[in-house]
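Dear colleague,

I am handing over the structure that we talked about, and below it you will find some notes on what was found in it. Please read them with the model open beside you.

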Amino acid sequence: QVQLVESGGGLVQPGESLRLSCAASGSIFSAYTMTWYRQAPGKQRELVASITSGGSTNYADSVKGRFTISRDNAKNTVFLQMNSLKPEDTAVYYCNAVKLLYYYWGQGTQVTVSS
């Protein structure tokens, strides 16, 4: 079992960068695959990026080349570096942890990209 807390969201202008963090506690962090999802108002939840316990990554086509997911197991934290942000990146970003049949969600952090 893990508890997840996202942070780092905020208001930025198009073209700027932002780094999100997801701090985990309550279990062995290194054993989980970590994923960032996002959901905009009126839109379905979308997978943004994921990273396995072994470090393998996966990205949505819409963010490839702009976003980078990473993890620091010593700090029990996963990051999402977001560069060249666009208005369409505006959403609540959620952190997810999964191992076998276990799924855990954070409360989300708001990212707003607007001029």
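Leu 100 lies in the loop between β9 (91-99) and β10 (102-105), where strands (E, at least two residues) are DSSP runs numbered from the N terminus. With a relative accessible area of 74%, Leu 100 is exposed, a word that stands for over 50%, while buried means under 20% and partly exposed lies in between (1.4 Å probe, protein chains only).

Please keep in mind that this is a predicted model, in which local features need pLDDT of at least 70 and side-chain atom pairs count only at pLDDT 80 or more, whereas totals for chains, interfaces and linings use all residues. Residues are numbered from 1 along each chain as its sequence is written, and side-chain values use heavy atoms, with hydrogens and water left out.

Turning to the strands, Thr 77 is placed in β8 (residues 77-82), and it counts as buried because its relative accessibility is 9%. The side chain of Thr 77 reaches the backbone oxygen of Lys 75 at 2.8 Å. If residues up to four places away in sequence are not counted, Thr 77 touches Ser 21, Cys 22, Ala 23, Phe 29, Ser 70, Arg 71 and Asp 72, where contact means heavy atoms within 4.5 Å.

With that same exclusion, the residues that Met 82 touches include Leu 18, Leu 20, Phe 67, Tyr 93 and Val 111.

Best wishes

Terms used
Helices (H or I, at least four residues) and strands (E, at least two) are DSSP runs, numbered from the N terminus. A polar contact is a pair of N or O atoms within 3.5 Å; within protein, one must be able to donate a hydrogen and the other to accept it, and residues adjacent in sequence count only if both atoms are side-chain atoms.
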